[in-house]
Amino acid sequence: AEFEFLADLRNSGVEGIAFWLQNPNERTVDLLRKFQKSGFPFVLIDRYVREMDADFVVTDNLDASYQLTSALIKRGHRRIGFVSTALDNTTSEDRFAGYQKGLADYGLPYDPDLTAIFGRQGESAGMLVSRVMAQRERPTAFVCTNDGVAEKLIDKLGVLGYEVPGDVELATVDDNEFADALGISMVIASQAGFEMGKTSAEVLLKRIATPE
């Protein structure tokens, strides 16, 4: 319903929109291009569209994931897995790239068998985690794309009899402060959510004031 929502919003009389793009498919991106041609201001939050020259306010997701991976390596881990939801947006893609860059810069090989993508068709989260942990040299740590993924991973590891952080250490970008709520020690990269929202509003207001 995202496309219909955006199309209706454009005709509702609002002067501009800052929003979190959920489904950057061809149809929706084409609609955003029409917004640009008609001078309708918008700002993308948290995610952007690679092939579009548009305003966006995001975390440096590649660097955040790179720092998380580096931190785990400095703590002595050499078999580090990666867990994410579908790699269908710039946030998760950039975090995956940061993880791979972190491994490479420290001379560690990327092993696709240590990667679990939740939501992949035909495989449950439990199946994916079981497969990764069944490796001859299992991972001793994971980089998670967000704290929701980390929470699910903790649950699946618990079913398999692993404790966090006793048996497996986790590092994650903390979007929703789940880490504090769970009371489990993890390596955390916190997003400046309030500042991102504030900056998005400031950019949008400038665009509305000076549409050219």
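The structure is a predicted model, in which local features need pLDDT of at least 70, side-chain atom pairs count only at pLDDT 80 or more, and totals for chains, interfaces and linings use all residues. Residues are numbered from 1 along each chain as its sequence is written, and side-chain values use heavy atoms, with hydrogens and water left out.

**Exercise 1.** Determine how helix 1 and helix 2 cross, and which residues meet.

*Solution.* Begin with the axes: those of helix 1 (residues 2-10) and helix 2 (residues 26-38) come within 9 Å and cross at roughly 15 degrees. Helix 1 is therefore roughly parallel to helix 2 (angles under 35 degrees count as such). The handedness of this crossing is left-handed, that is, the near helix is turned anticlockwise from the far one by less than a right angle. Next, list the contacts (heavy atoms within 4.5 Å): from helix 1, Glu2, Phe3, Glu4, Leu6, Ala7 and Arg10 meet Arg27, Thr28, Leu31, Phe35 and Ser38 of helix 2.

**Exercise 2.** Describe the pairing of phenylalanine 82 with phenylalanine 96 and the burial of each residue.

*Solution.* The whole structure holds nine aromatic pairs (ring centres within 6.5 Å; planes under 30 degrees apart count as stacked, over 60 as edge-to-face and the rest as tilted). In the pair of phenylalanine 82 and phenylalanine 96, the centres lie 4.9 Å apart with 40 degrees between the planes, a tilted arrangement. Because phenylalanine 82 lies in strand 4 (residues 80-84) and phenylalanine 96 in helix 4 (residues 90-105), the pair ties together parts that are 14 residues apart in sequence. Finally, phenylalanine 82 is buried at 0% relative accessibility (the cut-off is under 20% relative accessible area, with a 1.4 Å probe and protein chains only), and phenylalanine 96 is buried at 14%.

Terms used: Axes are lines fitted to C-alpha atoms, for helices over the stretch in contact, and angles run from 0 to 180 degrees between N-to-C directions. Helices (H or I, at least four residues) and strands (E, at least two) are DSSP runs, numbered from the N terminus. Angles under 35 degrees count as roughly parallel, over 145 as roughly antiparallel, 65 to 115 as roughly perpendicular and the rest as oblique. Rings of Phe, Tyr and Trp (its six-membered ring) pair if their centres lie within 6.5 Å; planes under 30 degrees apart count as stacked, over 60 as edge-to-face and the rest as tilted. Buried means under 20% relative accessible area, exposed over 50%, partly exposed in between (1.4 Å probe, protein chains only).
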